[in-house]
Amino acid sequence: MDMKTNFKSSLKNVLLLLMIAAVFSCTSNSGSKQTEGNNQTSKSTAEYFSVKIDGVLWEAFPSKEFKSYNVSYKELGHQFSIFAEAEDGSRMDLSFHSATELKPGNYPSTRHDNGMLSGVFYFPEAKSSDKEMASTTFDHPVQENTVQLISIDKSDKKAYIIEGTFSPTLHAVYETNPNKTSKLTHGRFRVVYRPDAIHPAF
C-alpha cells in the first residue's frame, strides 16, 4: 500500500513538473514571438539621415527626447521639411515641395517659387561658434534633382514613412566659408511623419 501511495505521489509530482514546464515553454515562446514582432515593428519604422560631404560621413540621429527626427509639413505649398542635427551641433535642413501634391519623384532646389524655399541647407558651425560657415543649394542656378523622393508609405494613417535620397552641390553663403562648394553624395533619409491636430495629414 505504501508503495502504491509513493508511486501515485511520485507520478503526481512528475505530472506537475511537466505541466509547469509546458506553461513555461508557452510563455517563453509567446514572449519570444512578441519580442520578434516588436523587433519587426521597430525595423519597419527605423529612421535614419546621413550623407557624405566631400567624402566625409555626416550623420544625424533621432531626437533622444522624442525618439524621432524633427519634421514638418506645410499645406500651403505642399512642403515637407526635415531638420537634422548631428552630435557635434552641426545642422542640415532638407525640404521639398510641390504645386499640387507630394509624390515620389525628383524635386529641385528653389529660392522664390511663389515664396517657397526648398533644397538642402547645411550649417556646420557648432552652436558655440561665431564663424559663418553655412552653405546651401538655393542661392545658385536650380539643381533639378536636389531631392529624390522614393516613397511615401501611408499604410499607417498615424505614421507616414517617408524615404528618399539627395546628392546636390552646396555653395557657400558667406565669404568666411573657405569651402566655396561642397559635393554631397550617398545622401539618404527615412523619417516618420505623424499627423495630428497640429501637423496636418497629406
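Reader: How many of the 7 residues of β4 are buried?

Author: Burial is judged by relative accessible area, where buried means under 20%, exposed means over 50% and partly exposed lies in between, with a 1.4 Å probe and protein chains only. In β4, 5 of the 7 residues are buried, so this strand is largely enclosed by the rest of the structure. Strands are DSSP runs of E with at least two residues, numbered from the N terminus, and β4 covers residues 79-85. This is a predicted model, in which local features need pLDDT of at least 70 and side-chain atom pairs count only at pLDDT 80 or more, while totals for chains, interfaces and linings use all residues. Residues are numbered from 1 along each chain as its sequence is written, and side-chain values use heavy atoms, with hydrogens and water left out.

Reader: Which strands are joined to β4 by bridges, and in what sense do they run?

Author: Two strands count as paired if DSSP finds at least two bridges between them. Here β3 and β4 run antiparallel and are joined by 5 bridges, with Val71 standing opposite Ile82 in β4. On the other pairing, β4 and β5 also run antiparallel, joined by 7 bridges, and the bridge partner of Ser81 is Ser95 in β5.

Reader: What do the turns of these hairpins contain, and which residue in each has a positive phi?

Author: The hairpin of β3 and β4 has 4 residues between its strands, and Gly77 in that turn has a positive phi of about 95°. In the hairpin of β4 and β5 there are 5 residues between the strands, and there Gly89 in the turn has a positive phi of about 95°.

Reader: How should I read the pockets, and how much space lies in the largest pocket?

Author: Rolling a probe the size of a water molecule over the atoms shows where empty space is left. On a 1 Å grid over the protein atoms alone, a pocket is an open set of points where a 1.4 Å probe fits, with protein on both sides within 12 Å along at least five of seven lines, and lining residues have an atom within 4 Å of a point. The largest pocket holds about 390 Å³ of space. Its lining comprises 16 residues, of which Phe66, Ser68, Tyr69, Asn70 and Val71 are the closest to its centre. At least two lining residues come from each of β3, β4 and β13, and β4 gives the most, with 3 residues. By residue class, this lining divides into 9 nonpolar, 4 polar and 3 charged.

Reader: What lines the second largest pocket, and which strand gives the most to that lining?

Author: About 200 Å³ of space lies in the second largest pocket. It is lined by 17 residues, and Asp93, Leu117, Phe121, Phe123 and Phe138 are the closest to its centre. The strands that each supply at least two lining residues are β3, β4, β5, β8 and β9, and β4 gives the most here, with 4 residues. This lining divides into 9 nonpolar, 6 polar and 2 charged residues.

Reader: With which strands does β13 pair?

Author: β13, which covers residues 181-193, pairs in the antiparallel sense with β1 over 5 bridges, with β11 over 7 bridges and with β12 over 3 bridges.

Reader: Which residues touch the most other members in the largest nonpolar core?

Author: A nonpolar core is a set of buried Ala, Val, Leu, Ile, Met, Phe, Trp, Tyr and Cys residues joined through side-chain atoms within 4.5 Å. The largest one has 31 residues, among which Phe49, Trp58, Phe80, Ile162 and Phe166 touch the most other members. β13 gives the most to this core, with 4 residues.

Reader: Turning to the loops, is Ser109 buried or exposed?

Author: Ser109, found in the loop between β6 and β7, is buried, with a relative accessible area of 1%. Contact means heavy atoms within 4.5 Å, and, leaving aside its neighbours within four places in sequence, Ser109 is in contact with Ser118, Gly119, Thr137, Phe138, Val142, Gln143 and Thr146.

Reader: What is the relative accessible area of Tyr174, and what is in contact with it?

Author: Tyr174, in the loop between β12 and β13, is partly exposed, with a relative accessible area of 39%. Leaving aside neighbours within four places in sequence, its contacts are Glu132, Ala134 and Lys180. The C-alpha atoms of Tyr174 and Met133 are separated by 6.7 Å, although the two residues are 41 residues apart along the chain.

Definitions and conventions:
Grid points are joined across faces, edges and corners, and a volume is the space filled by probe spheres set on the points. Ala, Val, Leu, Ile, Met, Phe, Trp, Tyr, Cys and Pro count as nonpolar, Asp, Glu, Lys and Arg as charged, and the others, Gly among them, as polar.
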